[in-house]
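This briefing is meant to be read beside the sequence and the 3D view, one topic at a time. Please look at the structure first, and then find each residue as it comes up in the text.

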Amino acid sequence: MPKKTIKRSWAEPFKIKVVEPIKMTTRAYREKAAKEAGYNTFLLKSEDVYIDLLTDSGTNAMSDYQWAGMMLGDEAYAGSKNFYYLWDNIKKYYGMPYFVPTHQGRAAEHMVSKILIKPNNVVPGNMYFTTTREHIELAGGKFVDVIIDQAHNPQNTHPFKGNININKLEDLIKKVGAKNIPYVFMAGPVNMAGGQPFSMKNLKEVSALLKKHGIKLWFDATRAVENAYYIKLREKGYEKKSIEQILKEICSHFDGLWVSAKKDLMVNIGGIFATRDKRVYEEARNMVVVYEGLHTYGGLAGRDMEAMARGMEEMVQFDNIKARIGQVEYCGKQLEKYNIPLVYPFGGHAIFLDAKKFLPHLKQDVFPAQTLAAEIFIDSGVRGMERGIVSAGRDPNTGKHRYPKLELVRLTFPRRVYTQAHIDVTVESIAQVYEDRKKIKGLKMVYEPKHLRFFQARFKKIS
Ligand code: F0G
């Protein structure tokens with residue numbers, strides 16, 4: 001008899017050492033909590049949340065190696081040894097010679113924008129991210145989306161939906177002139193498109209085009225190891241390369257990068273500004289003193305920098321990233337069993353529910369994704385996040401809502417935090433809300449803050 005080879009499941013390359021109890025609540029309790037939070041999942045008390053899939057940002061479980069490093073914090077005001085260790089690792093893994101720490105990603109975005117953008121400049125990128133675009137606009141620039149069209153279609157299964165459309169970019173350069181484009185940015189993977197990666201081939205083409213025009217290329221490397229993982233899986237010639245090698249190769253095409261360390265690096269706080277441009281570095285090194293703190297701590301404690309440096313060593317380990325993406329995929333496949341409308345391909349950090357298809361009877365003006373996120377919380381205490389019309393905000397020139405094609409709820413997975421049974425409960429709750437979807441009516445916005453409104457806006461149920 002020939003022996004059969006049984007396929008092995010993916011599993012986490014770690015076990016649980018410390019646990020944090022979570023509160024179990026009733027539907028009536030959650031209905032009250034949701035109302036008090038103005039039906040905005042950002043305004044809920046974390047204590048009232050059962051399974052928290054709001055974000056993978058700063059919500060990760062650190063390893064014992066990282067926690068041990070926290071005890072080695074050198075809390076000197078200037079010249080902390082943790083800073084130098086972190087800097088060495090930035091050279092090693094991202095290949096950038098110059099580095100300034102920041103307290104989180106948007107502080108680095110602030111500096112990049114302030115240093116490079118002049119009023120009326122145009123900054124093209126592969127789809128917007130909320131904080132990235134806000135800083136571009138605050139610096140007087142205008143963001144232009146040059147991502148491939150497939151990225152705006154949730155059903156399209158292009159393997160690299162984070163790619164830039166070279167023709168769009170070239171046309172834009174011709175139209176506004178290279179001298180009015182201080183830099184182009186690429187995020188990898190693209191958060192707002194559903195966690196979609198770019199390919200190395202596309203990156204090389206973008207880089208070659210920009211070199212021809214003397215335009216800089218910057219990298220939002222917040223979840224770069226996920227992009228590297230997809231290149232390894234999906235792009236010819238990279239099957240045998242390590243995540244570390246692919247990450248280094250990606251970074252070699254960029255003039256600089258920013259990172260929200262709260263993601264890939266598996267820490268609770270931290271950010272990175274890194275570049276190979278000495279002049280830009282010197283400006284950032286000086287600017288950081290005004291906004292964050294001295295250039296050897298940038299708003300962080302020594303122990304935070306140590307945890308970042310150690311997290312960086314763990315983030316490039318293949319089994320770690322494989323288990324992370326394996327868990328996200330598992331959730332997606334379970335949801336498919338209930339025919340839940342999703343964004344394809346599944347993203348690295350999150351599963352995105354297509355709220356337009358989930359609640360087809362709701363117009364975008366009554367905030368379908370915002371409504372759906374609130375309904376899921378009320379059903380089970382699972383917290384997701386709106387990524388649709390509320391997140392897209394208003395056009396600064398017309399003052400009107402932007403109507404994005406993608407109206408999504410994001411279920412984002414903190415690294416090394418939840419078990420497969422947590423995922424099962426999440427899926428069952430979403431399936432229940434889908435069963436009951438016809439009863440759902442939508443929301444009315446009753447308070448709208450000026451900047452990044454999705455964080456603090458309040459809503460009332462339409463009766
Ligand atoms: N760039 C990307 C791609 C991000 O996802 C984020 C944050 C930032 C920049 C800003 O970094 O939060 O450290 O200031 N994303 C979080 C999220 C908030 O939930 O997706 P930050």
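Leucine 257 is a buried residue, since its relative accessible area is 0%, and its place is in strand β7, which covers residues 256–260. The model described here is a predicted one.

- Leaving aside neighbours within four places in sequence, leucine 257 is in contact with Tyr94, Met96, Trp218, Phe219, Ala221, Cys251, Ile272, Phe273 and Ala274.
- Leucine 257 and arginine 394 are 137 residues apart along the chain, and their C-alpha atoms are separated by 27 Å.
- Asparagine 40 belongs to the loop between α1 and β1, and because its relative accessibility is 2%, asparagine 40 counts as buried.
- When residues up to four places away in sequence are not counted, asparagine 40 touches Gln370, Phe454, Phe455, Gln456 and Ala457.
- Between asparagine 40 and asparagine 320 there are 280 residues of separation in sequence and 32 Å in space, taken from C-alpha to C-alpha.

**Helices that pack together**

- Two packed helices are described by the angle between their axes and the distance between the axes.
- Helix α8 (residues 224–234) packs with helix α9 (residues 243–252) at an angle of about 110°, and their axes are 9 Å apart; α8 and α9 are therefore roughly perpendicular to each other.
- On the α8 side of this contact are Ala224, Val225, Asn227, Ala228, Tyr229, Ile231 and Lys232, which meet Ile243, Ile246, Leu247 and Ile250 in α9.
- The residues of the contact of α8 with α9 comprise nine nonpolar, one polar and one charged.
- Helix α1 (residues 27–36) and α14 pack at an angle of about 150°, with 7 Å between their axes.
- In this second pair, Arg27, Arg30, Glu31, Ala33 and Ala34 of α1 meet Phe377, Ile378, Asp379 and Ser380 of α14, and the residues of the contact divide into four nonpolar, one polar and four charged.

**An enclosed helix**

- Helix α5 (residues 130–138) is largely enclosed by the rest of the structure, because seven of its nine residues are buried.
- The buried residues of α5 are Thr130, Thr131, Thr132, Arg133, Glu134, His135 and Ile136, and just after α5, glycine 140 takes a positive phi of about 95°.

**Aromatic rings**

- The structure holds 19 aromatic pairs, and one of them is the tilted pair of tyrosine 344 and phenylalanine 346, at 5.2 Å centre to centre with 35° between the planes.
- Both tyrosine 344 and phenylalanine 346 are buried.
- The ring centres of phenylalanine 367 and phenylalanine 459 are 5.3 Å apart and their planes stand at 70°, so this pair is edge-to-face.
- Because phenylalanine 367 lies in the loop between α13 and α14 while phenylalanine 459 lies in strand β14 (residues 458–461), the pair ties together parts that are 92 residues apart in sequence.
- Phenylalanine 367 and phenylalanine 459 are both buried.
- Phe83, Tyr84, Trp87 and Phe99 are linked into a cluster by ring pairs.

**Charges over rings**

- Lysine 232, one of the α8 residues that meet α9, lies over the face of phenylalanine 318, at 5.4 Å from the ring centre.
- The charged end of arginine 387 sits over the ring of phenylalanine 454, 4.7 Å from its centre, and phenylalanine 454 is also among the residues that asparagine 40 touches.

Key. Residues numbered from 1 in each chain as written. Predicted model: local features only at pLDDT ≥ 70, side-chain atom pairs only at ≥ 80, totals over all residues. Heavy atoms only, no water. Axes fitted to C-alpha atoms, helices over the stretch in contact; angles between N-to-C directions. Helix = DSSP H or I, 4+ residues; strand = E, 2+ residues; numbered from the N terminus. Parallel < 35°, antiparallel > 145°, perpendicular 65-115°, else oblique. Contact = heavy atoms within 4.5 Å. Nonpolar A, V, L, I, M, F, W, Y, C, P; charged D, E, K, R; others polar. Phe/Tyr/Trp six-rings, centres within 6.5 Å; stacked < 30°, edge-to-face > 60°. Buried < 20%, exposed > 50% of the residue type's maximum accessible area, 1.4 Å probe, protein only. Lys NZ or Arg CZ within 6 Å of the ring centre and 35° of its normal.
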